[in-house]
Amino acid sequence: MPCLNLGILAHVDAGKTSLTERLLHTAGVIDELGSVDAGSTQTDSMALERQRGITIRSAVVSFVLDGVAVNLIDTPGHPDFIAEVERVLSVLDGAVLVVSAVEGVQAQTRVLMRTLRRLRIPTLIFVNKTDRRGADPERVYREIVARLAPAVRADLSDGLETLAEHDDTLLAAYVDGTPVPARRLRDVLARTSADVHPVFFGSAITGDGVADLMTGLTALLPAVSEEDGPAAGTVFKVERGPAGEKIAYVRMFSGLLRVRDRLPAGKVTAIRVFGEDATDQVGAGRIAKLWGLTGIRVGDAIGTPRSATRQHFAPPTLETVVTPVRRSDKGALHAALTQLAEQDPLINLRQDGEEISVSLYGEVQKEVIEATLLDEYGIAVSFRETTTIHIERPVGTGAAVEFIGTGPFLATIGLRVEPGPVGSGVEFRREVELGSMPYAFFVAVEETVHATLAQGLFGWAVTDVVVTMTHSGYWARQSHSHGTFDKSMSSTAGDFRNLTPLVLMTALAQAGTRVYEPVHRFRLELPEDVYGTVLPVLARHGAVPLNSTMGNPCTVEGDIPAGHVHTLSQRVPTLTRGEGVLENTFDRYRAVTGAFPTRARSDHNPLNRKEYLLHVVRRI
């Protein structure tokens with residue numbers, strides 16, 4: 001049976017989970033509609049989700065529609081949980097982007113659509129809440145076309161001109177004025193739904209328009225069939241079962257994965273395919289839960305890697321120190337946060353001496369972590385004030401080399417550090433022959449380069465950098481006359497792991513780094529009569545207005561440091577009599593002026609060995 005892996009995405013409170021509930025009810029999966037307010041929906045299973053009325057973790061439910069097995073994935077709408085959306089995007093065949101007919105296109109709506117279009121994921125748009133007071137579907141449709149993406153009404157009443165831009169035959173018919181059958185238009189729309197997005201209107205609460213949307217799911221989005229070849233899949237979610245066992249969610253792209261198959265993360269002991277009864281295998285196109293993979297992590301490939309994993313959204317820009325209320329919980333806290341980091345690697349758990357730090361997208365995520373630790377682990381915690389995560393980029397080029405026989409490590413390593421393109425991350429290259437030494441030694445150097453650059457000269461992660469290995473050398477395995485291995489005469493991977501940080505940091509110090517701070521682009525709607533009062537407040541929060549439009553309401557757009565977004569959002573209601581609307585999204589990193597902020601080094605980062613290594617070398 002063909003399969004469609006479908007994501008439901010939206011700005012928070014656009015009605016995404018309610019639409020998921022309505023789709024399940026219409027498909028016959030549930031007999032009674034659940035309610036977000038009542039905490040009775042199918043996909044919000046966490047107690048905290050039911051209490052707060054928001055989606056925190058992605059959830060998968062399945063049904064059959066017109067002969068197609070649909071795996072519907074409900075994703076968080078709040079921007080603090082964008083990392084959960086990030087992981088889902090890699091497994092989607094299509095998406096429905098939900099837009100409120102009252103609020104219209106919002107900040108998160110634009111972020112999601114830009115990403116969907118960049119990844120070329122075919123997407124339908126559902127304008128929800130048309131039954132609500134203040135709903136204006138026509139205004140919202142104009143906003144979609146003007147501010148979001150090329151779109152047409154799903155009934156194709158206004159679609160010919162837009163579709164003609166993506167089909168030569170339609171273009172000729174449009175120029176000639178030749179009538180085009182509706183079936184032909186629909187075929188083109190189905191083929192171009194990653195470029196031109198069909199717009200449906202309705203209400204998840206009343207069910208109006210949902211039947212048309214469901215018809216569009218199978219008619220306009222691409223279902224996939226089983227694909228032969230080696231087993232290949234992606235793990236997009238990891239959770240813990242009742243007994244503490246790891247459960248991995250996998251989307252298979254080709255081949256078959258069976259119970260008892262051995263993978264680097266362990267042996268598969270059980271498989272449950274969504275939409276099917278108990279099974280001992282999962283094939284291409286399907287989503288399944290896997291048991292037995294004790295070493296599995298979010299983002300891991302199953303079998304043959306499909307493609308390089310790429311981050312689609314900005315990383316967290318905030319961090320905080322987590323402290324247990326009871327000192328005796330310190331060990332348990334680290335263990336609990338380690339498990340939470342399995343589910344969300346971007347938490348980026350760090351140990352700085354006695355302090356434990358986590359990365360955040362926003363204050364709501366902090367509240368969720370606090371509640372989760374208390375409810376699921378029985379650990380009460382407090383947080384320090386949230387601070388901004390900066391990054392470092394190299395300023396120039398630096399190089400360093402250490403030769404074997406001149407220090408305590410039996411390795412020759414030469415590294416050159418230079419700036420890379422913005423957004424490129426860390427790139428490792430080799431100017432030495434791959435066969436010049438065992439491959440494991442090259443792996444040791446490359447892995448240690450990435451680990452070391454997690455903290456640069458000022459303690460922040462170094463990015464947009466190219467590191468090139470310029471020299472290599474080792475001593476082959478040596479034995480005593482009686483055949484025993486002699487470590488003092490033979491290079492090991494440990495020699496390369498221990499020497500790499502020293503060489504790399506020497507080269508990086510020669511290149512120099514500059515510290516950059518995260519900046520958000522904001523859009524503030526406010527009453528015209530408070531415009532003059534609000535501008536000085538924006539300035540005190542470091543915001544720089546770039547564009548203003550007067551009217552009632554008037555709008556101000558500009559830049560603001562990420563660290564000031566939360567405090568500004570708290571002040572907006574008071575400043576604007578509750579009428580102001582602040583939207584913001586991460587925009588870029590900008591160079592810090594003045595003294596560079598520093599960050600304490602992690603106990604678990606290889607950089608902490610630098611002083612020790614220098615001490616050893618000086619003694620020699």
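Trainee: In which strand does Arg-523 lie?

Mentor: In this predicted model, Arg-523 lies in strand S28, which covers residues 513-526.

Trainee: Why is Arg-523 called buried?

Mentor: The relative accessibility of Arg-523 is 17%, and buried means under 20%, so Arg-523 counts as buried.

Trainee: What makes the pairing of Arg-523 with Glu-525 a polar contact?

Mentor: The side chains of Arg-523 and Glu-525 come to 2.8 Å, and the cut-off for such a pair of N or O atoms is within 3.5 Å, so the pair counts as a polar contact.

Trainee: Which residues does Arg-523 touch, leaving aside those up to four places away in sequence?

Mentor: Arg-523 touches Arg-110, Arg-147, Thr-555, Val-556, Glu-557, Val-581, Leu-582 and Glu-583.

Trainee: How many cavities of 30 Å³ or more are there, and how much space lies in the second largest cavity?

Mentor: The count comes to 3 cavities of 30 Å³ or more, and the second largest cavity holds about 70 Å³ of space. Of the 10 residues that line this second largest cavity, the closest to its centre are Glu-402, Gly-407, Pro-408, Phe-409 and Leu-499, while by class the lining has 7 nonpolar, 2 polar and 1 charged residues.

Trainee: What share of the residues in the protein is buried?

Mentor: Buried residues make up 53% of the 620 residues, in a protein whose secondary structure comes to 16 helices and 31 strands. Among contacts between residues at least 6 apart in sequence, 72% join residues at least 24 apart.

Definitions and conventions. Residues are numbered from 1 along each chain as its sequence is written. This is a predicted model: local features need pLDDT of at least 70, side-chain atom pairs count only at pLDDT 80 or more; totals for chains, interfaces and linings use all residues. Side-chain values use heavy atoms; hydrogens and water are left out. On a 1 Å grid over the protein atoms alone, a cavity is a set of points where a 1.4 Å probe fits but cannot get out, and a pocket is an open set with protein on both sides within 12 Å along at least five of seven lines; lining residues have an atom within 4 Å of a point. Grid points are joined across faces, edges and corners, and a volume is the space filled by probe spheres set on the points. Ala, Val, Leu, Ile, Met, Phe, Trp, Tyr, Cys and Pro count as nonpolar, Asp, Glu, Lys and Arg as charged, and the others, Gly among them, as polar. Helices (H or I, at least four residues) and strands (E, at least two) are DSSP runs, numbered from the N terminus. Buried means under 20% relative accessible area, exposed over 50%, partly exposed in between (1.4 Å probe, protein chains only). Contact means heavy atoms within 4.5 Å. A polar contact is a pair of N or O atoms within 3.5 Å; within protein, one must be able to donate a hydrogen and the other to accept it, and residues adjacent in sequence count only if both atoms are side-chain atoms.
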